[in-house]
Amino acid sequence: TVQSWSCNGTGAQRLTLNANGTLSGAGVCVAPTGAGAGSPIQVRTCGGANQTWQFRSDKSLFNVGSGLCLNDPGYPGTNRQLTLAACTGAASQQWTYS
């Protein structure tokens, strides 16, 4: 599963938004388990059609296949399973990208 977690600087918290739109780290890609709101996010072998993301100007990560955004349903808490949700620009959908 992909969870929110307190920042600790480890490699497990480093993801790369690749030129092809995949979000990857440690040899796997971030992907939703389904296409609907509430679908949990997991890491999977790279290559799935549902693994394309766009970092948008409102700091959201938009999943192209589902038309939904990466969401932390427990925000502002940590250690929660990330999901897909309708894109609202809420703080639970804002991510840091550098």
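Author: Asn63 has its place in strand β6, a strand being a DSSP run of E with at least two residues, numbered from the N terminus. This is a predicted model, in which local features need pLDDT of at least 70 and side-chain atom pairs count only at pLDDT 80 or more, while totals for chains, interfaces and linings use all residues. Residues are numbered from 1 along each chain as its sequence is written, and side-chain values use heavy atoms, with hydrogens and water left out.

Reader: Is Asn63 buried or exposed?

Author: Buried means under 20% relative accessible area and exposed over 50%, with partly exposed in between (1.4 Å probe, protein chains only). The relative accessibility of Asn63 is 1%, so Asn63 counts as buried.

Reader: Which residues does Asn63 touch, not counting residues up to four places away in sequence?

Author: Contact here means heavy atoms within 4.5 Å. With residues up to four places away in sequence not counted, Asn63 touches Pro32, Asn50, Thr52, Trp53, Leu68 and Leu84.

Reader: Which backbone oxygen lies 2.9 Å from a polar atom of the side chain of Asn63?

Author: A polar contact is a pair of N or O atoms within 3.5 Å; within protein, one must be able to donate a hydrogen and the other to accept it, and residues adjacent in sequence count only if both atoms are side-chain atoms. At 2.9 Å from the side chain of Asn63, the backbone oxygen is that of Asn50.

Reader: In β2, what is the bridge partner of Leu17?

Author: Another open sheet of four strands is ordered β1-β2-β3-β4, also antiparallel. Its edge strands, pairing on one side only, are β1 (16–17) and β4 (41–44). β1 pairs with β2 (residues 23–25) over two bridges in the antiparallel sense. The bridge partner of Leu17 in β2 is Leu23.

Key:
Two strands pair if DSSP finds at least two bridges between them.
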